[in-house]
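This briefing summarises the architecture of the structure shown below. Please keep the sequence and the model at hand while reading.

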Amino acid sequence: MTLLLTRLKVEQVRKFRQPFELTGLQPGLNLFSGDNEAGKSTLVRAIRAAFFERHGTNVVEDLRPWGDAGATPQVEIDFRLDGEDGQLFKRFLGKKRCQLRLGSRTLEGTEAEDLLAERLGYAYAAKGASKTEHWGIPGLLWIEQGSGQDIHDAAGHAREHLHGALQRGGGGQGADAVGALAASAGDGLLARLLERRGELLTGTGKPRAALAEAIERVVSLDEQRRELDQRIDTYRRQVDLLDALRRAHAADERERPWQALERDLVQARGKLAALQDSQRQLTQDQQRHAGLQAQVGLLQQQIQAAQQQADGLQRREVEQARTQSARETADAAAQQARERLEAAQALAAQAAALSARWRAQASRAEQLRQQRELQAAQSTRQVALTQAEAAAATLARLRAQAGARALSDEVVKTLRQLDARRRELATRRDAAATRLALDLLPGVTLTLQADGVADQALSGTSRQVLVRPTTLDIPGFGRLTISPGGQDLDELARQLADTDGRWQAALAQAGVADLSGAEQRLAQHADLLRQIGLAEQALALQAPQGIDALRQAQAEGAARLAQVEAARALIGDMAEPDPSVDPIVALAQAESDQKAADAAVQRAQQASTTAGQQLAAATTAEVQARHERDALAALLADPERQAQAAKAAHQLLEASAERDALALRIEQTAQALAQARPAIVEQDVQRLGASVTQQTRAHQQRREQILVLETQLAEAGAQGLDEQLAHVDGEQVRAIARRDQLQRRADALALLCRELAERRAATLAQLQGPLTRHLQHHLALLFPQATLSVDARLAPGELTRADAHGRTETGAIDALSFGAREQLGLIARCAYADLLLEAGRPTLLILDDALVHSDAQRLAQMKRVLYDVAQRHQVLLFTCHPEDWRDLGVQARPIHPA
Amino acid sequence: MPCFLHTADWQIGRLYASLPPENAVPLADARIACVERLAALAAEQAVDAVLVAGDVFDAQNVSDRTVRRLFNAMARWTGPWVLIPGNHDAALAESVWTRARRLGVVPDHVHLCLTPEPLLLPDIGLALLPAPLTQRHTHSDLTAWFDAAETPAGLLRIGLAHGSVQGLLAEEIDSANPIAPDRAERARLDYLALGDWHGCKRIDARTWYAGTPEPDRHKDNGSGQALRVDIAAPGAEPQVRALATGRHRWRAIEATLAVPSDLDGLLAQLDALAADDVVDLRVSGALDLAAHGRLREALARAEACCRHLGLDLAALRLSPTDEDIAALKADGYLGELIVALRERQSREDDPAAARIAADALALLSAELQDLGSAS
């Protein structure tokens, strides 16, 4: 506890226009309470201004009370620093002054300010108002209202001091203050080296950018080189091939190996031709041999046939004798059969005569019977015919009458209707007509004239009904015209005339004069019809099939009768048969006898025919046998034939001899051919021919190949492959050099970055050790089991603690709630204070309205922290909630401006 | 008295592609420029012929342009040039030579000896026996036929071959393309002009390697010359004189810096470098920060003034002194790290880690110096 404020006095500072003094500030905790606007923050500001602002500055206008532009804010602080009592007096804006008494020394102005700054660990702004980055240790430990959570910047600004404290304090372990400085320089260097490393390597150490390109270039050149090598190799092999081909070609030109082959080929072809001739000869011989063989066969057959003919003559002599004998036998048999036939025929003729006689008798009896029956039937039919013809005549007459009287019921009915209509119309006309009654003197005659009516001479008394205009000529008087006036009169007259017309027409059609005539005729006609029915019945009785059928039957019967009579007449008069003999029975006997005689004749006939046929056959055989014998005998006796036989025998001998000779030759030739193997010789020809072709073609091809190669090589030569290769080689050497240089640089950079990072981390860990220890001391009060890491800037890094489920969780404190951040911020500051204290640096904690965002439980924990810290450091705590801090064991001192 | 120039291993078309193009292109061009100088030299020396003992081209597949440029360069001298192919430009079935002929760029006075048969140049009294390589590598002695080759009396018998003389250069050169060491004697040659060995080398009085006329290696072996050979008459001993033809000086500088004055010596060397120097510099040892700064400056100066400066500082360690560290204001853990790196870079049991530590230390120092100068 090397810095201890003991008294604070302010005057003309904001709320405190009048002097305000806090005395008796204690080591450890000092609690000040006041409502909002009571001036708590003003006091804090006054302390800061006294230390951080140059007394000569003009940028502290905010210290003046409101509306008091002439005020000269002044602050007076009594303190104890490293065992010496001191007092700082500062007056701003007007009569500016700074005075520091420390122990026995008194310093004024900037000298005093610089001394304090060095001892307390802060700096002044070169120009203008002092800012947080100048505040150093106090900036870290004097927490302004609402900034308790903002620890990183404050820690950053105090970093040198913290480093110093760490080096000087318990954690140093042999390192010195300069080491800490080097580490900070090292950060810049490391960043730079990392940047350089990043130009060549990725984060994971893989080549990139220039290095990757250099490596790729080497690979690509390798490939180019390989390709060129290959092309050059191909080129060289082609050159060698060309050389070989040229030599081979020259050798061929010299030796011409195909010529020997050609000679062999000619020889083989000759041999083959000879063999083919031989083969042809053999074939011809074989054909000739076959011909001879056939000739021999024919000759042998000829000779044999001649022999057979000679043998045949004798056979034919015998045959001729035999057939002659057979013919004679048949001749006798035929004669005998003919005689038997004649006898049988005689017997048959007798039987036939008897049979005929009896048949005639029987026939005549039958004809007589038929004649009688026919005559009877004729007479019956004649009667019926006569009666039927009479009935038919009657019927015809009746029908003629009926036809003349024919009048249909319909016509009569029409007539009746027309008559009735006519009468009705006449009645209606008369009713409507003008009646003219005349009673003329005798002798007076009037002439009545009307259209369409004949003039009528009237005399005496008459009644006239006038239906149309009528002129009455009265002689001597003139003319009287009467026009009937009934309305329908004309129409009625017309209808009446029409009906009258029809009536007259109907009467004319019916051929009657009036209706009664018609009625009479209708009755007459009906009577005639009845009579016709009776006549028809009478006719049907006589001639049911009609009169014509009856007439035909009668004619037929007459014809039949005439026929029978003619037949009987034909038979004529015959001896009257023996009445004791029934002609029918006799006829049957006679017919039976005749049939037997006929059968005998037939049998004899057959036998005779057979004998005749046998005779004919025997005769033919005899004739043929004789002919054959005669012909053969003649043939055999022919001298030419004998000469031919002799010739054939001779020919046979010759042909056999030639054939045998040929057979021998064939055998020899075939054997020779088989030994010479013509198929093989033919193969030789083919083989040698192909070889010659192949050799000459190969020679030709080689020449072409040489030309092609020459062209290719000339082309390839012009490409300067060796130059290209040399070029690629050089490129490769340079590319490898560059790759190696870059790789070495990358290796070196990687090594430097790694080593620097490791060493820096080790140094940091060394530095962080004591701070971590202090942090942990306080943290355990808030979060038991939790740990808080310290980052490279010596600020709290990550918090590791158990969550609600007992799992470990780690996170940056920035992610925590505002309240928790404020709590951790305060804990960190307490740790810094402890650390600085260990290093003998002045520590003073000022908390302006701290921890207002903490809940009751956390606040309770934090109060334990504060109480603990207050055991080692002076703590000034300003609050507007004094009730929250009752359990800190100190009395809250109220603040209010006078 | 016939005299001729003997040269070889022109290696036209060589690219030096591993150098940055701004240095590689002039060096490649220098090889053709050198042929121009040879032509000029031939004229100046009034020789009867120029013999080129193989490896005229660096590769078969050089570009057509390169082929044309070579023959253009040779056009400066119209006397007889006699060329044989070497292992780089062997007379294969298809080769740079067939291409040159196809391009029609070979003038009549340039004799390409692509087959092993005598080339008689009676006008100048020479009978040339060439041993051209017709394969890339042979393991038989192509000069063997020289022994039995007949040449007209009165003409000098000059052999022309490309390969390694057996028993003398075995360790240095591929054993392919062998040449009997006593070939000149056995084949009764007046002179055997050899190529393949890039340095100038006398095998015996009649057998010489001319070396490449324009140096191309950091090896001080007498390259950059051509030989003028004078032979009084057949059988007479040749008079051989080396004439400078090269332009660029190829130098390898190795410096080990142990004490502060070592650096002074190196810096003096660097400051002495000239425009045609092609330098391969390897520095090892340790330097404090101040010395390192001086070296860096000197290197920047040297790089600007010479043709090419190849650097290998892999074996050079930065070793800040305690004063350096104090001056860097590197204290605390930073200081600890520098001390640790300083120790680690000297570890011999883990060279890779030591190298990284050295690099890291250099980097860190540079960064701190930057920071210091910035603040």
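Two residues are in contact if their C-beta atoms, placed from the backbone, lie within 7 Å. The structure is a predicted model, in which local features need pLDDT of at least 70 and side-chain atom pairs count only at pLDDT 80 or more, while totals for chains, interfaces and linings use all residues. Residues are numbered from 1 along each chain as its sequence is written, and chains are lettered from A and ligands numbered from 1 in the order in which they are written.

Terms used below:

- Helices (H or I, at least four residues) and strands (E, at least two) are DSSP runs, numbered from the N terminus.
- Two strands pair if DSSP finds at least two bridges between them.
- A residue is buried if 20 or more other C-beta atoms lie within 10 Å of its own, exposed if 12 or fewer, and partly exposed in between, with C-beta atoms placed from the backbone.
- Axes are lines fitted to C-alpha atoms, for helices over the stretch in contact, and angles run from 0 to 180 degrees between N-to-C directions.

- B:L289 belongs to helix α6 (residues 289–305) of chain B.
- B:L289 counts as buried because 20 other C-beta atoms lie within 10 Å.
- Leaving aside residues up to four places away in sequence, B:L289 touches B:P320, B:D324 and B:S365.
- B:L289 and B:Q369 are 80 residues apart along the chain, and their C-alpha atoms are separated by 9.7 Å.

**Helix α1 of chain B**

- The 25 residues of helix α1 (residues 21–45) of chain B should span 36 Å at 1.5 Å a residue, and the end C-alpha atoms are 35 Å apart, which agrees; the expected span is 1.5 Å times one less than the number of residues.
- A kink of about 25° is centred on B:R31 in α1(B), where the bend is the angle between axes fitted to the seven residues ending at a residue and the seven starting there.
- Buried residues of α1(B) include B:L27, B:C34, B:V35, B:L38 and B:L41.
- The packing partners of the buried residues of α1(B) are β1 (3–7), β2 (49–53), α2 (64–74), β13 (225–230), β14 (239–244) and β16 (277–287) of chain B.
- After α1(B) comes B:A46, with a positive phi near 55°.

**The six-stranded sheet of chain B**

- Six strands of chain B form an open sheet in the order β5-β6-β7-β10-β12-β11, with mixed pairing.
- The edges are β5 (119–121) and β11 (201–204) of chain B, each of which pairs on one side only.
- From one strand to the next, the twist averages 20°.
- β5(B) and β6(B) run antiparallel and are joined by three bridges; B:L120 stands opposite B:A127 in β6(B).
- Four residues separate β5(B) and β6(B) in a hairpin, and B:G125 in the turn has a positive phi of about 75°.
- Six of the six residues of strand β6 (residues 126–131) of chain B are buried.
- B:L126, B:L128 and B:P130 point one way from β6(B), and B:A127, B:L129 and B:A131 the other way.
- Six bridges connect β6(B) with strand β7 (residues 156–162) of chain B in the parallel sense, with B:L126 opposite B:L156 in β7(B).
- Strands β10 (residues 191–195) and β12 (residues 207–209) of chain B run parallel and share three bridges; B:W208 is the bridge partner of B:A193.

**The six-stranded sheet of chain A**

- Chain A has an open sheet of six strands in the order β2-β1-β4-β5-β6-β7, with antiparallel pairing.
- Each of the edge strands β2 (20–22) and β7 (105–108) of chain A has a single partner strand, so one side of each is left without a neighbour in the sheet.
- Strands β1 (residues 3–11) and β4 (residues 74–81) of chain A pair antiparallel over eight bridges, and A:E76 in β4(A) is the bridge partner of A:K9.
- Helix α1 (residues 40–52) of chain A lies across β1, β4 and β5 (84–91) of chain A, at about 75° to β4(A).
- β4(A) and β5(A) form a hairpin with two residues between them, and A:D82 in the turn has a positive phi of about 50°.

**Contact between the chains**

- Chain B contributes 33 residues to the contact and chain A contributes 41 residues.
- α9(B) gives the most to the side of chain B that touches chain A, with seven residues.
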